Amino acid sequence: MEVPSSWDALRKQARKIEAQLDELMHSYRKFVSAKGTAKFDTAENDLESGIDRLLKQLQQVNSQMQAWVSSGGSEMVSHTLTRHQEIFQDLTQEFYRLRSSFRAKQEHASLLEDFREFDRTRVDLEDGVGSAENALLKEHAAVSRNTGQMDTVISQAQATLGTLVLQRSTFGGINSKLSNIGSRLPSVNHILAAIKRKKSMDTIILSLVASVCTFLIFIYWLTK
C-alpha cells in the first residue's frame with residue numbers, strides 16, 4: 001500500500017519539530033547544568049516557552065497521524081507513528097525533569113542567599129551587642145577594683161579597732177591598780193590624773209575610729 005502524500009507531510013512536519021526540539025533541548029541542558037542562581041533570565045524564560053510550544057505542536061501532529069492510522073493505515077505507518085510518539089514522550093519527560101532540576105537549583109540558591117543575608121545581619125547585631133558587653137565588662141572591672149580597695153580599708157580599720165579595744169582593756173587594768181596605789185600614796189595622785197586625761201583622749205580617738213569603721217562598713221554593704 002502506497003503511503004499518501006498527506007501522511008508524508010505530517011511525518012515531515014513531525015521530524016522538523018523534533019529537530020527544533022533537539023536543538024532547544026541541547027541549549028536548555030547547558031543552561032540547567034551551568035546556572036545555579038535564583039535569578040531567572042529572559043533568555044531562559046524564552047527557551048522554556050519555545051520548548052513548551054514545540055511540544056504542543058508535536059503532540060498535535062502526532063494526534064493527526066494517529067487519526068490517519070486509525071482510518072486504515074498500514075503496519076509500516078503504524079510503526080512510524082509509534083516511533084514519533086516515543087520521541088514525543090522522551091522529550092516531554094526530559095523537559096519536565098530538567099525544568100524541575102532547574103527550579104530546585106533556583107530554590108537552593110535563593111535559600112543560600114537568604115542565609116548569607118541573615119548571617120550578615122547577625123554579625124552586625126553581634127558587633128553592636130559586643131560593644132555594649134565590653135562597656136559592661138569594663139564597668140564591672142572598675143567596680144571590682146573599687147570593692148577590693150574598700151575591703152582592704154575596712155580590714156585595716158577592723159585591725160586598728162581590735163588593737164584599740166585591747167589597749168583599752170589593758171589601760172583599764174592598769175588604772176585599777178594605780179587607783180589602789182594612789183589611795184595608799186597621795187603623791188601618786190598627780191600621775192593618776194595625767195593618766196586619766198590620756199585615757200580620756202584614747203577614748204575619744206577610739207570612738208572616732210569606731211564611727212569611721214561603722215561608716216565604711218555601711219558604704220561597703222551598699223556597693224555589694
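Trainee: Among contacts in the chain between residues at least 6 apart in sequence, what percentage join residues at least 24 apart?
Mentor: This is a predicted model. Contact here means heavy atoms within 4.5 Å. Among contacts between residues at least 6 apart in sequence, the share that joins residues at least 24 apart is 78%.

Trainee: What percentage of the residues in the chain is buried?
Mentor: A residue counts as buried under 20% relative accessible area. The accessible surface of the chain comes to about 15700 Å², with 59% of that belonging to carbon and sulfur atoms. Of the 224 residues in the chain, the buried ones make up 21%.

Trainee: Which residues does Leu-21 touch, not counting residues up to four places away in sequence?
Mentor: Leaving out residues up to four places away in sequence, Leu-21 touches Ile-51, Leu-54, Leu-55, Leu-58 and Leu-91.

Trainee: How does the reach of α2 from its first C-alpha to its last compare with what is expected, and what is the expected value?
Mentor: α2 has 29 residues, and the expectation is taken at 1.5 Å a residue. Its reach from first C-alpha to last is 42 Å, close to the expected 42 Å.

Trainee: Which residue with positive phi follows α2?
Mentor: The phi of this residue is near 125 degrees. The residue is Gly-72.

Trainee: Is Asn-62 buried or exposed?
Mentor: Asn-62 lies in helix α2. Asn-62 touches Leu-81, His-84, Gln-85 and Phe-88, not counting residues up to four places away in sequence. The relative accessibility of Asn-62 is 5%, so the residue counts as buried.

Trainee: Why is the pair of Tyr-28 and Phe-95 called tilted, and at what angle do the planes lie?
Mentor: A search of the whole structure finds two aromatic pairs. In the pair of Tyr-28 and Phe-95 the ring centres are 5.7 Å apart. Planes under 30 degrees apart count as stacked and over 60 as edge-to-face, with the rest tilted. The pair is tilted because its planes lie at 45 degrees.

Trainee: How many residues apart are Tyr-28 and Phe-95?
Mentor: Both Tyr-28 and Phe-95 are buried. Tyr-28 is in helix α1 and Phe-95 in helix α3, so the pair links distant parts of the chain. The separation is 67 residues.

Trainee: Which residues form one aromatic cluster?
Mentor: Phe-95 and Tyr-96 also form a tilted aromatic pair, 5.9 Å centre to centre with 45 degrees between the planes. Phe-95 counts as buried because its relative accessibility is 0%, whereas Tyr-96, at 41%, counts as partly exposed. The one cluster is formed by Tyr-28, Phe-95 and Tyr-96.

Trainee: What percentage of the span of residues 204-223 is helix?
Mentor: The UniProt annotation "transmembrane region", from an unreviewed entry, covers residues 204-223. The end C-alpha atoms of this span lie 29 Å apart.

Note on methods
Residues are numbered from 1 along each chain as its sequence is written. This is a predicted model: local features need pLDDT of at least 70, side-chain atom pairs count only at pLDDT 80 or more; totals for chains, interfaces and linings use all residues. Side-chain values use heavy atoms; hydrogens and water are left out. Rings of Phe, Tyr and Trp (its six-membered ring) pair if their centres lie within 6.5 Å; planes under 30 degrees apart count as stacked, over 60 as edge-to-face and the rest as tilted. Helices (H or I, at least four residues) and strands (E, at least two) are DSSP runs, numbered from the N terminus. Buried means under 20% relative accessible area, exposed over 50%, partly exposed in between (1.4 Å probe, protein chains only). UniProt positions are given in the numbering used here, feature names are shortened, and annotations may be inferred rather than shown by experiment. The expected span of a helix is 1.5 Å times one less than its number of residues. Accessible areas come from the Shrake-Rupley method with a 1.4 Å probe; for residues, only the protein chains shown count as cover.
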